[in-house]
Structure formats: C-alpha cells, structure tokens
Amino acid sequence: MRRLIRGVSRKAGSADGARAEPSAAEPAPPEAGARVLSIGAAAFHAGLDVVANPVLLVRQPGLRVVYANPAAEATFGVSRKGMVELTLPDLFGKSDELHNMLDTVVTRQFDVRRQDLILHPPLQDPIHVHVVIAALEAVSDTVVVEILPNEQKVRSDREERILDLTSANKELIRNLAHEIKNPLGGIRGAAQLLEFELPERSLREYTQVIIKESDRLQTLVDRLLEPHRHPHIVSSLNIHEVLERVRSVVLAEFPNGLEIVRDYDASLPELRGDMEQLIQAVLNIVHNAAQALADRIARGDAQIVLRTRIARQVTIAKRLFKLALDLHVIDNGPGIPEDIRERIFYPLVSGRDGGSGLGLTLAQTFVQQHEGLIECESRPGCTDFRILLPLH
Ligand SMILES: Nc1ncnc2c1ncn2[C@@H]1O[C@H](COP(=O)(O)OP(=O)(O)O)[C@@H](O)[C@H]1O
Ligand SMILES: [Mg+2]
C-alpha cells in the first residue's frame, strides 16, 4: 500500500507540472496551511498531530490536502510534504459518495457527515473505512476529514477468522484425539498386566505412573471429543435458568470475596437449544473469570456481571438474524494476558499453570452448534465475553 501511494505521489509531483506552479486562483497548499495557522490554529494542528486516526484538512476547490497528521503519514506512507501535493482522488480514487459528502459539508448543508465507505485507492485493494467530514468554523472552504476503521468490517473479519479457525480445529482435534485414544487403552492395559507380573511391589510405582498418566490423557481426549460425541438435545429453555445454574456452581466454589451481579432483561423470549451444552459453555467462561479474579477475591472486591439483552438485526457468521440473545460475562480482573489474547479460542492455549486450554475451545464449539458466536474484548480491569445466540 505504501509503495503504491508513493508512486501516486511521485506522479502527482512530477508529471502534473501545472500543479507545481501555484496559480493565483488556486493558492499553493503551504499558503493554505498558513491560512489555517493564521487563524491562530497552531494549537489546533498540534492537537490533530496527536490524534491516533488519520486526519486530513482538505480544501475546496480542488480537494487539495493542506494538512495531514502523523497518523495519516504513517497509514498512507506519504510524508506530510508529499501529502500536500495530492488531492483526495489521488489518495482514495474517485468516489462519488465521498465527493458528495465533501460538497454538502463545504456548502454547509451539513456541519458534519459520517458514512461507511469502500474507497479504491489507485492500484490498490479497496479499503473499508468509516469517514467523518466536519466543517471548520473559521475557514469556510476547508474541511476536516477523519478516517476511522469500519467497526462492522473489523467485526466481520474477526468473526470470519474465528469461524475458519474453529472448523479447521474441529477436524484436527477429532482425528488427533482418536489417534491418541486407541493406543492409550492398550498402553494402560499392558501396564496393568505388567503390574501383576512384577516381582517387587516397589516397582509398581512405575506402572502406576503409566496408568495414572494414561488416565489423565484419557480424560483430556474425552473432553476434546465431547462436543462431537454428545447428540444435540434441543428444547425450549430460558437463558436465565442457565445463568442461575452457572452462578450457583461458581459461587459454591468461590463463596467469599466474589460478587456475581445479575443484569437480566426479563422480557427475553425462550431460546431453543441444548441446556447442558449451554450451561457448560457459560460455566467455562464464568469459571475462567473467577479464576482470573483470584487477587481481587482475596481483597474482597471481585465482580462478575452476567448481562442479558436482546439484539436486533445481527449478523452472525455472515447470516442475518432478526433477533438474537446478547449475553455478556464481564469481570473486573486483570485482563487476558496480551501474548495469548488473539489465541484464547485455540485448543491447548492456556495462560494458567495447570490449565488445559480447552475451556474456551469447547465453549466456542457448543455456541457454534447453536449457530452463535463468542467474542471477547479485554483490557486490565474489564474483560467482556460476548455470546451471541440467534433466537428463531
Ligand atoms: N476472564 C478472563 N480473564 C483473564 N484471562 C482469561 C479470562 N478468560 C480466559 N482467560 C485466559 O484464557 C486462557 C484460556 O482459557 P481456557 O480455554 O478456559 O483454558 P484454561 O482455563 O484451561 O487455561 C486462560 O488460561 C486465561 O489465561
Ligand atoms: Mg478454563
């Protein structure tokens, strides 16, 4: 992307000779920049310099860039100097929608306009962005253009990654688990036979290690195969019944120092699903939260919020559902360790000593069997697992 835009920049600077010599009717960009500054906007520029998203000041006529902040320089790979030689179509290609937005703001039909756009920078892949264009009070022919990530697109990309991942995982896990399970029975049986034959009792210590470790592996493999083995038992159920069961199980294990707040929307309709699977999925998430809250539990201010809401017109895995259950499990713990944050739904990824790394893989599989999806956002002090389940 950078290289290509640089190419555009060079072309604009050299081939388009007319642009190098500013005409009287169309003052050169530095002058325009100076005009903005002359209205006492040094502080304004300094302010835009620290904005994390790309921001451009653009002048009509000509749609010339008169200022670009460092985030824009970094994103488009063009220096500030290079940028002020460019026009918006140089940067983003021709876009009728973008021009229409600009026109209506420059002519003050609107002070601010915002819209999701797909822009086509020359010779590049299209970019999905959310564009905000705002008029400047003091300079009537100049507008502020802010380029933000398109949240909807970011979300659907993330969803797609999760789905690709789980379907690839599923196959791998199933095959691997069967490969391990079959010889495991043989190993355990042989160790037992060997134990009977051993002349010295003290040697049993070794066969016991084999038997115990085989059992541990057997349990692990059983958990891996679980979502594929149990038939999906569907009935009408109330999600709050699921949450109450999970709440009492977790509170029984952590009776002191942990508060589990119910923030329920009592008007939610019933859900069709497999009660046991849903309990297991939510339990794995809430249990993780309680484990992550160990320090706060010791101090007595640990909190988990169980929130239910209804969501309308939701896309889950590229399918649009009219209604969905929007369930959040939010804790005030330390957050998911950064090094595993992107991989927590992978099997065998754990941030805890002695963790199996299967809890979230299973939860995701169970929820996906209900055509739903689990997402997660986490920062220190607030980890939010969101379970979306379509309501048919
Ligand atoms: N609410 C949470 N807060 C902080 N870390 C979490 C939270 N939920 C999950 N994690 C992290 O994700 C990891 C994976 O969780 P999981 O798949 O259940 O496996 P396990 O619990 O066996 O480690 C955990 O080990 C933990 O590091
Ligand atoms: Mg877990």
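Reply: A residue is called buried if 20 or more other C-beta atoms lie within 10 Å of its own, exposed if 12 or fewer, and partly exposed in between, with C-beta atoms placed from the backbone. By that count Leu348 is partly exposed, because 13 other C-beta atoms lie within 10 Å.

Before going on, a word on the model and its labels. It is a predicted model, where local features need pLDDT of at least 70 and side-chain atom pairs count only at pLDDT 80 or more, while totals for chains, interfaces and linings use all residues. Residues are numbered from 1 along each chain as its sequence is written, with chains lettered from A and ligands numbered from 1 in the order in which they are written.

The chain holds 14 helices and 12 strands (DSSP runs numbered from the N terminus: helices are H or I, at least four residues, and strands are E, at least two). Of its 392 residues, 28% are buried. H14 spans 359-369 and is mostly covered, with 9 of its 11 residues buried. Among them are Gly359, Leu360, Ala363, Phe366 and Val367.

Leu348 sits in the loop between E10 and H14. From Leu348 to Leu360 is 12 residues in sequence and 9.6 Å in space, C-alpha to C-alpha. At the other end, H14 is followed by Glu371, in the loop between H14 and E11. Glu371 is not a glycine, yet its phi is positive, about 65°. It counts as partly exposed because it has 16 C-beta neighbours inside 10 Å.

Now look across to H12 (275-292). The axes of H12 and H14 come within 9 Å and cross at roughly 145° (lines fitted to C-alpha atoms over the stretch in contact, with angles from 0 to 180 degrees between N-to-C directions). On the H12 side the contact (C-beta atoms within 7 Å) includes Leu278, Ala281, Ile285 and Asn288, and on the H14 side Gly359, Leu360, Ala363, Phe366 and Val367. By class, this contact has 8 nonpolar, 7 polar and no charged residues (Ala, Val, Leu, Ile, Met, Phe, Trp, Tyr, Cys and Pro are nonpolar, Asp, Glu, Lys and Arg charged, and the others, Gly among them, polar).

Leaving aside neighbours within four places in sequence, Ala289 touches Ile304, Val329, Asp331, Gly333 and Thr383.

H12 and H14 each supply at least two residues of the shell around ligand 1, and H12 provides the largest share, 4 residues. Of the 22 residues around ligand 1, Ala292, Ser350, Gly351, Gly355 and Gly359 come nearest (a residue belongs here if its C-beta atom, placed from the backbone, lies within 6 Å of the molecule). This shell divides into 8 nonpolar, 12 polar and 2 charged residues.

Conventions
Contact = placed C-beta atoms within 7 Å.
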